[in-house]
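User: I'm new to this one. Can you walk me through it?
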Amino acid sequence: MTFSWTPHRFSGGALALDVANSVVLRGDPERRIDRFADPVVMDAFPAGAGRHGAERALFGSLEPVREDARAGLFALREAIDRHFRAEVLGQGTPALLAGLLEAIAATLRRSGTRPQALDTATARSALLLLAQPEPERLKICPNCHWLFLDRSRNRSRAWCDMAVCGNRAKASRHYHRNREEKGP
Ligand SMILES: [Zn+2]
C-alpha cells in the first residue's frame, strides 16, 4: 500500500500536534497505527508539513531528522502527546509538563543548531503551544483520537477534519440507526 502525507494528515493546526498525530488511534492497541514506524514514510513527513502544515509559514522548509536523532524525536513526540492529551482531559500534571520540557530541552541540545530539522521545529512548535493563551482551543477528535488546535473563530470545531472524521461519524450513526430500525 502506498502512503502519502495528504492535507488531512496535517489537521492538527500545529506542527507539534501533526507529529503527535503520526500515531492514529493511539489509545486503541488493536487498531493503532504508527506512520513513523516506516523510516521512508517518516522522512517524507517534513515535505508534507511544508506543503500542508498550519505552521509552514513559520518554520519554512523542513528537513528529515538524522538517523541518530530518530529515537529523540519519538521521545519528544510521546511527551507532546502525553502532556497535551492529559491537558485536554483535565488530567495534566506538573510531571507531564516537566517531561515535555525535558524532551524539548534534549531536542534543542541535540539538534538545535539545525533549525530546519524536523525535531528542532517540533520542539519550537511545542513551546508555542504551551504558551498559547486559549487552552480550550486544544481538542481531541472523537473519531481518530488526534489532537488538534481549533483555530476557528468561534471555537466550534468538533472534528480534526469535518470532511473525513465528521463524515465518517455521520455515516456510522446512519448505519447504526438503520440497523436498529431494520433489526429483529
Ligand atoms: Zn479525526
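User: Which residues of helix 2 are buried?
Analyst: This is a predicted model, to start with. In helix 2, the buried residues are Val41, Met42, Phe45, Pro46, Gly48 and Ala49.

User: And what do those buried residues pack against?
Analyst: They pack against four helices: helix 1 (15-20), helix 3 (56-59), helix 4 (70-88) and helix 6.

User: Where does helix 2 bend?
Analyst: At proline 46, by about 30°. Proline 46 is also one of the buried residues of helix 2.

User: How many residues does helix 2 have, and how far does it reach?
Analyst: Helix 2 covers residues 39-52, which is 14 residues. From first C-alpha to last, helix 2 reaches 20 Å. That is close to the 20 Å expected at 1.5 Å a residue.

User: What caps its N-terminal end?
Analyst: Aspartate 38 does. One of its side-chain oxygens lies 2.9 Å from the backbone nitrogen of valine 40.

User: Switching topic. How many salt bridges are there?
Analyst: The count comes to 13. One of them joins the side chains of arginine 26 and aspartate 81, at 3.1 Å from N to O.

User: Where do those two sit in the chain?
Analyst: Arginine 26 is in the loop between strand 1 (23-24) and strand 2 (33-34). Aspartate 81 is in helix 4. They are 55 residues apart, so the pair links distant parts of the chain.

User: Are they buried or exposed?
Analyst: Both arginine 26 and aspartate 81 are buried.

User: What does aspartate 34 pair with?
Analyst: Arginine 77. Their side chains meet in a salt bridge at 2.8 Å, N to O. Aspartate 34 is in strand 2 and arginine 77 is in helix 4, 43 residues apart.

User: Is that pair buried or exposed?
Analyst: The two partners get separate labels. Aspartate 34 has a relative accessible area of 21%, so it counts as partly exposed. Arginine 77 is buried, at 3%.

User: Which residue forms a salt bridge with glutamate 63?
Analyst: Arginine 114. The closest N and O atoms are 3.1 Å apart. Arginine 114 is in the loop between helix 5 (94-111) and helix 6, while glutamate 63 is in the loop between helix 3 and helix 4. The pair is 51 residues apart. Glutamate 63 is partly exposed, with a relative accessible area of 35%.

User: What about disulfides, how many turn up?
Analyst: A search of the whole structure finds 0.

User: And cysteine 160 and cysteine 165, buried or exposed?
Analyst: Cysteine 160 counts as buried because its relative accessibility is 3%. Cysteine 165 is buried too, at 2%.

User: Last one, leucine 129. Where is it found?
Analyst: In helix 6 (residues 118-131). At 8% relative accessibility, leucine 129 counts as buried.

User: What does leucine 129 touch?
Analyst: Leaving out residues up to four places away in sequence, leucine 129 touches Ala14, Ala16, Leu17, Phe84 and Leu149.

User: How far is leucine 129 from serine 11?
Analyst: In sequence, 118 residues. In space, leucine 129 and serine 11 are 15 Å apart, C-alpha to C-alpha.

How values were computed: Residues numbered from 1 in each chain as written. Predicted model: local features only at pLDDT ≥ 70, side-chain atom pairs only at ≥ 80, totals over all residues. Heavy atoms only, no water. Buried < 20%, exposed > 50% of the residue type's maximum accessible area, 1.4 Å probe, protein only. Contact = heavy atoms within 4.5 Å. Expected span 1.5 Å × (residues − 1). Bend = angle between axes of the 7 residues up to and from the residue. Polar contact = N/O pair within 3.5 Å; in protein donor to acceptor, adjacent residues only side chain to side chain. Disulfide = S-S within 2.5 Å. Salt bridge = Lys/Arg side-chain N within 4 Å of Asp/Glu carboxyl O.
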